[in-house]
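This report goes with the sequence and coordinates shown below. Please keep both at hand while reading.

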There are 2 protein chains.
Amino acid sequence: MISIVVLGAGNVATHLYKVFCKTPNVSVIQWYNRNLSALKPYKNEVAITDDLNQLKEADLYILAVSDDAIKPLTSQLPFENRLVVHTSGCMGLYDIDQKHKRGVFYPLQTFSKTAELDFANIPICIEALKSEDYHVLKNLAIAIGSPTKKVNTDQRKVLHLAAVFVNNFTNQLYRIAHEITESEGAEFDTLKPLILETAKKVQHLSPYMAQTGPAKRNDKKTLKKHLKLLKDQHHKDIYNLLTTSIQRTHGRKKL
Amino acid sequence: MISIVVLGAGNVATHLYKVFCKTPNVSVIQWYNRNLSALKPYKNEVAITDDLNQLKEADLYILAVSDDAIKPLTSQLPFENRLVVHTSGCMGLYDIDQKHKRGVFYPLQTFSKTAELDFANIPICIEALKSEDYHVLKNLAIAIGSPTKKVNTDQRKVLHLAAVFVNNFTNQLYRIAHEITESEGAEFDTLKPLILETAKKVQHLSPYMAQTGPAKRNDKKTLKKHLKLLKDQHHKDIYNLLTTSIQRTHGRKKL
């Protein structure tokens, strides 16, 4: 049995709380947030608090709080030499106050409050200073059904950066596709199977091998037609930059 | 029963040929390519030819050839007033010689020679000059199990353009993520569940609603850290342009 105190009440904290609650041999013994009202809906299932001095003794303290809050919050914790981890992709292990046993438990996935998430699809990137702490975190990740990755700080930071490319930036390309289709009265829905297939293709093929299209072929006529169709200069800039990027990768243009 | 002659031997032609062959009430009576060797593997299942003068009479001629070949090939066809369609996303209906009954049968999906495709996931965008021809094409799409969309030329061209954003450009973002993770010895594989979830999310949520991350939050510290991590100026340019794009969409910055 591992006893856990969760700190924070955002999307990551809430999803972790929920999955811990339904995991055998994992017990959330307390949930802290500086603003208690966010935790009120859970007050009948778990001890809640907004007072750091009331924190119970636990095997593990998981801070799922904003990046800036990690350092001050860990130094305010009124105990030492217990395992304290954060869930951030880009903060250091050493952003946790040195009086604690330190680790990182970074779930690499997009969290939103409403969507149901299957932790089997959420790799947990784990980092710890000591081997015994690493195993506590690894066993916890396994218990909730997640794949685990042992990473160092540089690897975790670069994964967080890469996640912005494949998640936020990709989603913005979907958004632009939405804008340009609707501007002609075409339906964005028509693109949904292609969006899914594009993501599925790189599950078994490298993005390099999966690439197709006018930029890779250097099909100048189509490239010109597309630029003419785009009315927004900002969309043209993105079209040009990503076309150049593809041609750079596939040897059409040296930069 | 609809009788079809397929023209061309690329990925689209091959996938269409295969799905037509297994569809009841659809019969491919001949397969044409200017270079016969590409069709040789099929010579025992279908009549093949490289001679336009040997083309059989059919209900429908489907040209899945390169964009530039559509115009000359349709004018060389030694008959008139039969239904002739192309499968291109960006060529006009009027690029087909006017002696024919004209239409477009554009499958909006990424085709590669090896991957198996389920036509249930391939919307067919249909355009025809005459209503009776439209219905022939629509019934054919339904027969192979595809969703159908009636589009005009402008809508089809804009869908083709939008497909470049959600497919080729998105895939290039995957490629960049591959490059930057491997540069630190992290594994691209760790990102695969996130890639899939990002695509799944917009199946039921608009890309606008699905957006998260440091650009949307205008989290300047993280944006700065990410730019510092990126070693390649070209990757920095993409990071900056897509961050600006997200902030433009979500009202952080007016351009």
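## Basis and conventions

The model is predicted: local features need pLDDT of at least 70, side-chain atom pairs count only at pLDDT 80 or more, and totals for chains, interfaces and linings use all residues. Residues are numbered from 1 along each chain as its sequence is written, while chains are lettered from A and ligands numbered from 1 in the order in which they are written.

Helices (H or I, at least four residues) and strands (E, at least two) are DSSP runs, numbered from the N terminus.

## The sheet of chain A

Chain A holds an open sheet of 8 strands with mixed pairing, in the order E3-E2-E1-E4-E5-E6-E7-E8; two strands pair if DSSP finds at least two bridges between them. Strand E3 (48–49) and strand E8 (148–150) of chain A are the edge strands, each pairing on one side only. Strand E1 (residues 2–7) and strand E2 (residues 26–32) of chain A run parallel and are joined by 6 bridges. Opposite A:Val6 stands A:Trp31 in E2(A).

A:Thr49 belongs to strand E3 of chain A. A:Thr49 counts as partly exposed, with 17 C-beta neighbours inside 10 Å. For this scale, a residue is buried if 20 or more other C-beta atoms lie within 10 Å of its own, exposed if 12 or fewer, and partly exposed in between, with C-beta atoms placed from the backbone. Leaving aside neighbours within four places in sequence, A:Thr49 is in contact with A:Gln30, A:Tyr32 and A:Gln54, where contact requires C-beta atoms, placed from the backbone, to lie within 7 Å.

Which way do the residues of E7(A) point? A:Ile124, A:Ile126 and A:Ala128 point one way, A:Cys125 and A:Glu127 the other way, and all are buried. Strand E7 (residues 124–128) of chain A is thus listed as mostly covered, with 5 of its 5 residues buried.

E6(A) and E7(A) run antiparallel and are joined by 5 bridges; A:Pro107 has A:Ile124 as its bridge partner in E7(A). E7(A) and E8(A) run parallel, with 3 bridges between them, and A:Cys125 stands opposite A:Lys149 in E8(A). Together with helix H3 (residues 131–143) of chain A, E7(A) and E8(A) make a right-handed β-α-β unit. Right-handed here refers to a path from the first strand over the helix to the second that runs clockwise, with the strands pointing away from the viewer.

## Helices on the sheet

Helix H1 (residues 11–21) of chain A lies across E1, E2, strand E4 (60–63) and strand E6 (101–107) of chain A, at about 145° to E2(A). Helix H2 (residues 67–76) of chain A lies across E1, E4 and strand E5 (83–86) of chain A, at about 150° to E4(A). Axes are lines fitted to C-alpha atoms, for helices over the stretch in contact, and angles run from 0 to 180 degrees between N-to-C directions.

The buried residues of H2(A) are A:Ile70, A:Leu73 and A:Thr74. Seen down the axis of H2(A), they fall within an arc of 95°, so they line one face of the helix; the arc is that of the directions from the helix axis to the C-beta atoms. These buried residues pack against E1, E4 and E5 of chain A. On the face of H2(A) turned away from the buried side are the exposed residues A:Asp68, A:Pro72, A:Ser75 and A:Gln76.

## Positive phi in two loops

A:Asn81, in the loop between H2 and E5 of chain A, has a positive phi of about 60° although it is not a glycine. A:Asn81 is exposed, with 8 other C-beta atoms within 10 Å.

B:Asn218 sits in the loop between H7 and H8 of chain B, and its phi is near 55°. B:Asn218 is partly exposed, with 15 other C-beta atoms within 10 Å.

## Contact between the chains

The contact takes 78 residues from chain A and 76 residues from chain B. On the side of chain A that touches chain B, H4(A) gives the most, with 25 residues. By class, that side has 39 nonpolar, 25 polar and 14 charged residues. Nonpolar covers Ala, Val, Leu, Ile, Met, Phe, Trp, Tyr, Cys and Pro, charged covers Asp, Glu, Lys and Arg, and the others, Gly among them, are polar.

In helix H8 (residues 220–229) of chain B, B:Thr222, B:His226 and B:Leu229 are buried. Their directions fall within an arc of 60° seen down the axis of H8(B), so they line one face of the helix. The buried residues of H8(B) pack against H2 and H4 of chain A together with helix H7 (214–217) and helix H9 (233–249) of chain B. The face turned away from the buried side of H8(B) carries the exposed residues B:Lys220, B:Lys221, B:Lys224 and B:Lys228.

Conventions. Contact = placed C-beta atoms within 7 Å.
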